[in-house]
Amino acid sequence: MNPDQGNGPNRPTPIAGLQFGSQPGQGSYSNRDLTQDEHYRNAFQRANEAAGGSSGDPDAMMVDDPDDPPPPDMGGPPQNMRGRGQSSADTAAGSVSHNIGSDGLGTFGVELEFLMVQCARLTLAADGRLVARDPHSDEPGWISSRMPVWERRNLRADLLRGSINNFAGPNGTFSDPLDDDLEKKRWRYSRVKLARVLRNQGLVVIKWPEEDFGFEDDAYVAIPDFSESDDSDDEREEDFPNSNLLDRFRSTYTYDPSLDGETNGRAIMPKWQADYDNFHATNGLRIYRTRDNDIDSLINRCTAVGFPATASNRLRLTREAFKTRLTEQRDEAKQAREDDRNAQIDPLHVPVPGLSPQYKAWTVTVDISVDGNGMNVDRYANPANLDDPYAQYHWFGAEVVSPVFALGDERARQAIRIACGSLRDALRCHKPMEVSTGLHIHLGHTLGWTLYQAKRFATFWLLTEMTILALHRRDRDADAKWCAKIWGGSSLWRALYSTNPQHHTTYAGRVPNNNPPDQKQTYADEMAANVSRNANMPDQYRELIYLIWQYPSITALHQGLGESTLVRTGIKWQIRGVNSSLERPAANDPSASQPGTIEVRIMQGTLDADHINNWVAVLEKVCHAVRDLSDNDFRQLLDQFLNSPTRDGLLQVLGVSDSVRQYWRDRKRRDAMDRYWEYPDHDMVDWNQPFMVPGYKATHGAFWD
């Protein structure tokens, strides 16, 4: 196995977790603060009300989330899997300190967008049954066997009524596109799988509560989101045989003649409970790993002797109450375990003032805009006579978000390799395809962004965006909706130059015309110090840059250059304030949740870690130029570029390394005319192998590394 490809045991050493104090979300169980007697009365009442026996959907039964195995070369369980009884000091050895001096530290975060297979869509077999046939049965990547069961159950009545054709889709498939509950259930399940894949490699992953996943209460991640498990994961339970040991569990309460019947009846369940807890403790079993099947079985081995025959109904109800209690106890333990994970912080994370805890570890979510729109049959080679190859599967539009990393930190680049490699090794991730996904890089700083720095960034980007876009795939340049340019897409540009007269009126308020004369002159002087009268700069660009420097606040600059009701810009200004982005809005301000970054959205989606890291290397130099260079040096940098506005010329004046420059000019990654990045399939994905190859390097194979 090639260690450079980042597979299996050759993957770089994983990262361990570290506890932090403020938990992003916590389960809220009504019975957590009850005394044992109060809990007993409530459980007994519920069991009495359900005396006819328990009911429920067998597909909704909770299956333990298996323990993550120790990662390679770590010599034990990863610290992000520690028990709740361990103190946070026990995990401190896994932390990483950053040397954040008075000049602060530049930061970045990565948003990985990609499509992963959930399951095959249902088709009709010759015998009239709905079946899920895998179009790529030789593909080793994960595919759910449970999701089709849910859909078959939902469509069974229509199949029996003969109305199944109401749900016919492309390629002879059947599904209900309006079943929102089922879709969100698939989303939750897919997030579970993604989180497990990353955690299995030692990454710190939290499941942030989000209403997109269909939770009634978005204050915490509910148990059903993380408790279900596919057969492929269930098999790993053999290494942790709670069930085998629990087969030996017995508990008997003997009637005490010195007590009355009511007191004896109330003493049964505490005795069973104590024996149950002691059995787990003595045998080293974790309660969160005791399954529903275990509880169903052991309940029948909980007995009471010496009671009169008339007490049989009471004993039956007591067993029902005890079963309810054990289920809730197990669920609480599972919730506590997940709360513990959700209270962790990635040791490479850089603390930034005002940042949401969401960005202190890796998170997994759904991106509803990553929906396969436009991925029709003419985008595939070898489509196998299908009307719509993409529609052979249910897909999950995944977004995996990194914690805040330090720019220039090799350990952060290694973490990105681990994330990309683990996802591609375990899952079926669709190869990059035009207009399907994007990669977003958040650029920040421990000292925030000043208005002056933001203006320099906007100036640099306006002058270089056409050249920078040529580093990437052609669709990013052509995308005027999700990746709009400052020139041609921003509100300020529309107010000045749009051919639609209505835009001049609609966006007139984005033109900064109200500064007092002395302030206007100060801003003009600042511009002159940073931008020369280079003959290669078009007059309209100079006019636009002049107005950029006239913005009196970061918020006003965001409003003029950021997204509008018409488009999302390739540069998303996720900063607010007057002179500093650290001037956080009030908590009730809709912009208070902004991460305080400048988000660069112009690269196509990929899980090629080398590609991502080489792009971050370029953006790191951009940040250095706009933040750290003197006015004169910044002005000279712009002049050097304007005098030779080529891709390689830009990389050279930015001072990127020779290896990074070589990566971006390598012709095997360019189209025939050397205009844009192009994949070896010429953006025609081969349906015979539509998935990224394993590893963290080139998505199409080692030749393209």
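Among contacts in the chain between residues at least 6 apart in sequence, what percentage join residues at least 24 apart? The answer is 80%. Contact here means heavy atoms within 4.5 Å.

This is a predicted model, in which local features need pLDDT of at least 70, side-chain atom pairs count only at pLDDT 80 or more, and totals for chains, interfaces and linings use all residues. Residues are numbered from 1 along each chain as its sequence is written, and side-chain values use heavy atoms, with hydrogens and water left out.

## The whole chain

The chain has 705 residues, and 57% of them are buried. Buried means under 20% relative accessible area, exposed means over 50%, and partly exposed lies in between (1.4 Å probe, protein chains only). The secondary structure comes to 22 helices and 17 strands. Helices (H or I, at least four residues) and strands (E, at least two) are DSSP runs, numbered from the N terminus.

Take helix 7 (residues 261-282) and helix 9 (residues 312-342). They pack at an angle of about 35°, and their axes are 11 Å apart. Axes are lines fitted to C-alpha atoms, for helices over the stretch in contact; angles run from 0 to 180 degrees between N-to-C directions. The crossing of helix 7 with helix 9 is right-handed.

Which residues of helix 7 and helix 9 make the contact? Helix 7 brings Glu262, Gly265, Arg266, Ile268, Met269, Trp272, Gln273, Tyr276 and Asp277. Helix 9 brings Arg314, Leu315, Thr318, Arg319, Ala321, Phe322, Arg325, Leu326 and Gln329. By class, this contact has eight nonpolar, four polar and six charged residues. Ala, Val, Leu, Ile, Met, Phe, Trp, Tyr, Cys and Pro count as nonpolar; Asp, Glu, Lys and Arg count as charged; the others, Gly among them, count as polar.

The table gives three of them.

| Pair | Apart in sequence | C-alpha to C-alpha |
|---|---|---|
| Leu427 and Met116 | 311 residues | 6.8 Å |
| Leu471 and Ile602 | 131 residues | 9.7 Å |
| Pro680 and Trp704 | 24 residues | 7.9 Å |

Leu427 sits in the loop between helix 10 (410-426) and strand 14 (438-445). Leu427 has 3% relative accessibility, so it counts as buried. Beyond four places in sequence, Leu427 is in contact with Met116, Gly141, Trp142, Lys193, Leu194 and Val197.

Leu471 lies in the loop between helix 11 (451-469) and helix 12 (474-478). Is Leu471 buried or exposed? It is buried, because its relative accessibility is 3%. Not counting residues up to four places away in sequence, Leu471 touches Trp615, Arg647, Trp664, Arg670 and Trp677.

Pro680 belongs to the loop between helix 22 and strand 17. Its relative accessibility is 25%, so Pro680 counts as partly exposed. Leaving aside neighbours within four places, Pro680 is in contact with His700 and Trp704.

## Polar side chains under cover

Gln604 is in strand 16 (residues 597-604). With a relative accessible area of 0%, Gln604 is buried. What does its side chain reach? The Gln604 side chain reaches the backbone nitrogen of Arg473 at 3.2 Å. Outside four places in sequence, Gln604 has contacts that include Thr437, His472, Arg473, His611 and Trp677.

Asn534 is in the loop between helix 16 (517-530) and helix 17 (539-548). Asn534 is buried too, at a relative accessible area of 12%. Its side chain makes a polar contact with the side chain of Asn643 (3.3 Å). A polar contact is a pair of N or O atoms within 3.5 Å; within protein, one must be able to donate a hydrogen and the other to accept it, and residues adjacent in sequence count only if both atoms are side-chain atoms. Leaving aside neighbours within four places, Asn534 is in contact with Arg542, Asp639, Leu642 and Asn643.

## Positive phi in two loops

Asn385 is a residue other than glycine with a positive phi, near 60°. Asn385 lies in the loop between strand 11 (380-381) and strand 12 (393-401). Its relative accessible area is 82%, so Asn385 is exposed.

Asp674 also has a positive phi near 60°. Asp674 is found in the loop between helix 22 (658-665) and strand 17 (685-686). At a relative accessible area of 26%, Asp674 is partly exposed.

How values were computed:
A crossing is left-handed if the near helix is turned anticlockwise from the far one by less than a right angle, and right-handed if clockwise.
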